[in-house]
Amino acid sequence: MLRARLISVDLPSSQRALEELGLPDALIFTADLTREGPVEALFTALDEAQVTLDIPVNNAGAARPETIFDMSLDSWNEISAANLTSAFLCSRSAMQRMQHRPGGRIIQLGSMVGHQGALKGHLHYGVSKSGIHGFTRTLARTAAPMGITVNAIAPGLVETDMLYATHGAEGVKALEARVPLGRLASVEDIAAAAVYRPRTPPPT
Ligand SMILES: NC(=O)c1ccc[n+]([C@@H]2O[C@H](COP(=O)([O-])OP(=O)(O)OC[C@H]3O[C@@H](n4cnc5c(N)ncnc54)[C@H](O)[C@@H]3O)[C@@H](O)[C@H]2O)c1
């Protein structure tokens, strides 16, 4: 069984009490992951806590139900940064620490919409998730010779705050009815994909 110590990073306004999940070892940090200074400060704090990074997961993301007609440049930049810039800044800092230790894995949260386009407009979200897929493929080529894998999980509809915030309760019900499996994915489904372990050991 894979045992891991969880380190959670979120915006100060969103960070939840991980103690409630019964994970006494978990470390909780807050940072705006779209900004270089806070990301560097975060990784320095991890160094000071003598944390060894094994599986960083770039999970931060944001969506907003807007079409191209009501999308401001600020909104475009904000959503793109939450989805894409955060992954770049965190992957860069993580790679600097992981590059001489084969066996690490970096995981990005992409999306089904990155392949097939987003619902209801969501141009910024759809484009940034397509970007995450390209980012993953390219970074994987840099990281593989170091024995580090880089993969993206591209979920369909996952039952989270984001889904309700962007589609509303009725909208989510209608979307769920279109899922062939008859249910939305759960966060546990996604976590199970994140802890997947490649069978073949990475090159050293
Ligand atoms: N819910 C879905 O149906 C679905 C489908 C495909 C992919 N995804 C992706 O999964 C990931 C998790 O999404 P979720 O559904 O749990 O959404 P969520 O809104 O519940 O969680 C996203 C988290 O990212 C954090 N975040 C946003 N901007 C940040 C920033 N600048 N710095 C630090 N943290 C920031 C938010 O505070 C929030 O806690 C996202 O990348 C999302 O795009 C979700």
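Reader: Which residues make the nonpolar surface patch, and what is its area?

Author: The model is a predicted one, in which local features need pLDDT of at least 70 and side-chain atom pairs count only at pLDDT 80 or more, while totals for chains, interfaces and linings use all residues. Residues are numbered from 1 along each chain as its sequence is written, and side-chain values use heavy atoms, with hydrogens and water left out. A patch joins nonpolar side chains (Val, Leu, Ile, Met, Phe, Trp, Tyr) within 5 Å, or like charges within 9 Å, from residues with over 30% relative accessible area and no salt bridge. Here Ile68, Phe69, Leu123 and Val127 make a nonpolar patch of about 440 Å².

Reader: Is valine 127 buried or exposed, or something in between?

Author: Valine 127 is found in helix α4, helices being DSSP runs (H or I, at least four residues) numbered from the N terminus. Buried means under 20% relative accessible area and exposed over 50%, with partly exposed in between (1.4 Å probe, protein chains only). Because its relative accessibility is 40%, valine 127 counts as partly exposed.

Reader: Which helix supplies the largest share of the shell around the ligand?

Author: The ligand is surrounded by 23 residues, a residue being near if one of its heavy atoms lies within 4 Å. Two helices, α4 (123-143) and α5 (161-177), each supply at least two residues of this shell. The largest share, 3 residues, comes from α5.

Reader: Which residue forms a salt bridge with arginine 92?

Author: Side chains of opposite charge can pair when their charged atoms come close. A salt bridge is a side-chain nitrogen of Lys or Arg within 4 Å of a carboxyl oxygen of Asp or Glu. Arginine 92 has such a bridge, at 2.7 Å (N to O), with glutamate 36.

Reader: How many residues apart are lysine 173 and glutamate 170, and by what part of a helix are they separated?

Author: The side chains of lysine 173 and glutamate 170 meet in a salt bridge of 3.7 Å, N to O. Because they are 3 residues apart in helix α5, their separation is about one helical turn.

Terms used:
Areas by Shrake-Rupley, 256 points an atom, 1.4 Å probe, with all protein chains shown as cover.
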